[in-house]
Each structure stands twice: as structure tokens, then as C-alpha cells.
Amino acid sequence: MTQAKRHIHVNAFNMNCVGHIHHGLWTHLRDRSTQYNTLEYWTHIAQVLERGLFDGIFIADVIGYYDVYQGSTDLTLREGIQLPVNNPWLIVSAMAAVTKHLGFGLTASVSAHHPYTFARDVSTLDQLTNGRLGWNIVTGYVDSGARGLGQGGLAEHDSRYDRAEDFLDLSYKLWEGSWDDGAVVADKARRIHTLPEKVRPVVHEGPFYRANAIHMSAPSPQRTPVLFQAGTSSRGLRFAGQHAEGIFIGANTPEAARAASRKLRQAAVDAGRRPDDIKIYAGIAVVPGRTQAEAREKYAEYLVHASAESGLAHFAASTGVDFARYGLDDPIDFGAGNAIQSATKTAQQQGWTTRRKLLEQFALGSRYHTIVGDAAQVADELERWVDVGEIDGFNLTRIVVPETWEDFATLVVPELQNRGRYRTEYASGTFRQQLFGRGDRLPAQHAGARFRRDTTTA
């Protein structure tokens, strides 16, 4: 019997700002990203994505700004390179109100929150969305954000993951262990809203956080949100193996994606989980057309508006290297670095060793692999990435908003559906159930499940 082909998962990749990944494209006449500070912009995007049966919208965020390139924020401000940037969490309720199934993967840095109050924010949104919330766990990577938070600078790379581990342990205790199922009865006749014996404080004495308190929110549909993560350094791999359910990787070829995927799935196994307990998404850009010629014409049009130098400035913040100090063909010394270690490693592995070579990579304002072609050609390439790369799907970054996602939904999705590689309707249930089909809560083998209270012996 022929094994059924796996459905390809797709998130829209966005940010609450003008310039996210493909820098310079906000100047395109059809681009609406300058309207990012209006609810209408976000509700329209959400409706487009739900019509396209996307898994969700994955919204990046950064606490801080990019001031490494040229030692200033001048280019960042002129080109709108993720600055100004607004809070991604405050727009979710509006998007949830106009959709029923779309998931929301939201970025928050452990360095900018306390678990006690953050846990309430998460529970509140998971309740309001009927269980459609995910959290992209980040540890911070720019010194400007650390300075803004009153710190001398960014903490050492691995210690940031140590903090994240402690943050999660306390969060799990609050989400999973403070309230029993059935604690809320809302019995008007008996004047009992919550049964006191089914609620208890959690006690936590960790290296970074301490608490002795009841979780302020009643359990939400998922309790713990779907957990996303993007780090693939050696420390990031261990963290992902323990905690992540969705993992975002950067890769320039399916073969590179496969190498990363195998390491990540092995990390999950090493943590006592199953290889398919994680969904792996590669970042990708797609420029589809009704014909190949139309797609190439559109791509050429996009190139006119792109800013390669802005892409380089963004990458400078990711690596901590001011590339403006180097001549076009001078060899670049990446050093050890304290920012995103995987970004530095990628540049060295790919031979992006001069500013000229880097600028070539950022022709469309970013270094994302870009697929250009008609629907069949795009579908062929997406299938190749999934099958050869052993990934589950893609974070589809915007080039022109909302055109990128409208084109994908109109042209590419029907082609993938005809091949049996894309859902034809949403299943019922929470974000976690949509992704894994195994229920709303963390599986028993997940690190967070150990914080559940055993009510059978209570």
C-alpha cells in the first residue's frame, strides 16, 4: 500500500512593523505594510490566511533595535528596518474575532517579562482565542534591548538559555499545576464560583526567578500554549529538544534543512520525546504567477524596490558584526559573537566571507531562499524541500503585503491540494490539536507535563 503523503504546514511570517525580512519592499506601490498600526490591516491579513487554510500567523518581535551597522540607527530609521516596531500581542484579539481556526504564534523574550504576570497574559489570550495561542520563546540578541531594560548589555549566550529554562519551569507550574480541572464551577445557586480546595499556590526557588503564588487565571483550553523556538546553537538544540513543539530553521538548501532537522529530532529523542513531537518550519519566500513569465516579471519588479544594504544591516545585528567597517572584498572576521550563533555559523559555512558576497545574498532585502515560478513549479519545489529536507512546512515571509499571501492562497494552495499535500479544510480543536491531532494539552512525555498535579490521588 502506498503511504499517504504528508500535508505541508504553512505559517505566515510577519512582524508588527514596516520592514520585517525583505527590506525595502515597503516602498512598493501595492504594499500596505505602512498601515501596520491599524486594526484593519491585521484583520484583513487574518482573513486572507484563514481562507488560505494556513496553520497560523507567526509574528516575530525584537526587544531593542539595530545599531550595529555603521555604529548607529541612521539606516535602521531611514529604511524602517524593524523600527518602529509595535507589540505583537495586542493585535491578536482583533484577528481572533474575525477568524475561527487560524493559530497565533507570538514572540516574547524571557528577558523582558516575569513568568508570574506573563503566564496570565498567555492564559488570557488562550481563553479569548479558544485555544489558538502559541508562544515563540526567545532569549534576546541585541545589546540595545538589554540597555533599554536597564542592563549593562546582553548576557552571555548560554546563560540566556539558563534563564529561559528557569522561566519555563515557573510558567509550567503556573499553567499546569496551580488549578485543577473542574476548579471553576460558577454555581450561582450555591454562590460558589471556584472550589478553593482545587486551587493551590506554586512554590518556585530558581536561579533567576522565585515565586509563591496562585496562578491568577483559570486554566485555558491548552493550559500551556504551543511552544515555538528558533535557536539551533548547541545550547539551543538542547533547549528545543526539551521544550519546543514548533521549530523555525534557516536553511538555504533542502540538504541543509535535512541536517538541521535530524539534529533537532534527535534532540527531542534525547529528551525522552518522539521525533514527530515537533513540527519543523523552514523560512522561505515565494513569488508565484499564473505563468512562469508572470512570476519572473513580478520578481524583477520586487528587486527594484529591495534594499540589499538594509538586509546587511539586519544581518549585522544578528551576528554582532559591523560589516560597514569592511571594504567590499575584505575578508570578514566573524569572531565568536554573543548574538545569534546560528547566523554566524551559516555565513561561514556558505562562504559569505566578504561584504560583496553578503550583499549578493541580500538582493531581495534578505537572505531567505526564494522560489519563483508558476503554481506547479512552486509546488514542486515546496514538495522537494519537505521530502528531501525532512521538514514539516514553512514560515512564508511577506514580500509585498498582502499580495504575497493572497497569491499563495489563490495560486499555490489549490495546486498543493490537488496533489494531496495541503489540507482542504480545518479540523476542529485548539492550535495544538490542529498541528498534532493528539489533544489540546501537552503530551505526557513533554518536559512541562511533569508539573501537572496528579488529581487521582488528591
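# Worked exercises on a predicted model

P402 sits in the loop that runs between β13 (393-397) and α14 (403-418). Keep in mind that you're working with a predicted model throughout.

## Exercise 1: two prolines

**Task.** Find the peptide bond from V401 to P402 and say what form it takes.

**Solution.** 
Step 1. Look at omega for the bond from V401 to P402: the value is near 0 degrees, and the bond is cis.

## Exercise 2: positive phi

**Task.** Check phi for N130 and for R191, then work out where N130 sits and where R191 sits.

**Solution.** 
Step 1. For N130, phi comes out near 60 degrees, which is positive although the residue isn't glycine. You'll find N130 in the loop linking α4 and β4.
Step 2. Now the surface: N130 has a relative accessible area of 59%. The cut-off for exposed is over 50%, so N130 is exposed.
Step 3. R191 has a phi near 55 degrees, again a positive value in a residue other than glycine. Its loop lies between β5 (184-187) and β6 (192-194).
Step 4. With 79% relative accessibility, R191 is exposed too.

## Exercise 3: a glutamine in a loop

**Task.** Is Q222 buried or exposed? Which residues is Q222 in contact with, leaving aside its neighbours within four places in sequence?

**Solution.** 
Step 1. Read off the accessibility, which is 0%. Buried means under 20%, so Q222 is buried.
Step 2. List the partners beyond four places in sequence: D126, G131, R132, L133, E176, T430, F431, R432, D440 and R441.
Step 3. Zoom in on L133: the Q222 side chain gets to within 2.9 Å of the backbone oxygen of that residue.

## Exercise 4: an arginine after α15

**Task.** Describe the surroundings of R452, starting with what it touches and ending with its side-chain link to E176.

**Solution.** 
Step 1. R452 belongs to the segment that follows α15 (431-436).
Step 2. Its relative accessible area is 32%, so R452 is partly exposed.
Step 3. Setting aside residues up to four places away in sequence, R452 touches E176, R441, L442, P443 and A444.
Step 4. With E176, the side chains make a polar contact of 3.2 Å. E176 also turns up among the contacts of Q222.

## Exercise 5: how α6 packs against two helices

**Task.** Compare the packing of α6 (residues 157-177) on α4 (residues 115-128) with the packing of α6 on α7 (residues 234-243).

**Solution.** 
Step 1. Take α4 and α6: their axes come within 9 Å and cross at roughly 50 degrees. That angle makes the two helices oblique to each other, and the crossing is right-handed.
Step 2. Who meets whom? P115, Y116, F118, A119, V122 and S123 come from α4, and F167, L170, S171, L174 and W175 come from α6. Sorted by type, this contact has nine nonpolar residues, two polar and no charged.
Step 3. Turn to α6 and α7, with axes 10 Å apart and an angle of about 15 degrees. Under 35 degrees counts as roughly parallel, so α6 is roughly parallel to α7.
Step 4. This crossing is left-handed. On the α6 side there are H157, D158, Y161, D162, A164, E165, L168 and Y172, meeting R235, G236, F239 and H243 of α7. By type, they split into five nonpolar, three polar and four charged.

## Exercise 6: how enclosed is α7?

**Task.** Which residues in α7 are buried, and what covers them?

**Solution.** 
Step 1. Pick out the buried positions in α7: R235, G236, L237, F239, A240, G241 and H243.
Step 2. That is seven of the ten residues, so α7 is largely enclosed by the rest of the structure.
Step 3. Look for the cover over those residues, which includes β4 (133-138), α6, β9, β10 (246-249) and α8 (254-270).

Note on methods
Residues numbered from 1 in each chain as written. Predicted model: local features only at pLDDT ≥ 70, side-chain atom pairs only at ≥ 80, totals over all residues. Heavy atoms only, no water. Buried < 20%, exposed > 50% of the residue type's maximum accessible area, 1.4 Å probe, protein only. Polar contact = N/O pair within 3.5 Å; in protein donor to acceptor, adjacent residues only side chain to side chain. Contact = heavy atoms within 4.5 Å. Axes fitted to C-alpha atoms, helices over the stretch in contact; angles between N-to-C directions. Helix = DSSP H or I, 4+ residues; strand = E, 2+ residues; numbered from the N terminus. Parallel < 35°, antiparallel > 145°, perpendicular 65-115°, else oblique. Left-handed = near helix turned anticlockwise from the far one by under 90°. Nonpolar A, V, L, I, M, F, W, Y, C, P; charged D, E, K, R; others polar.
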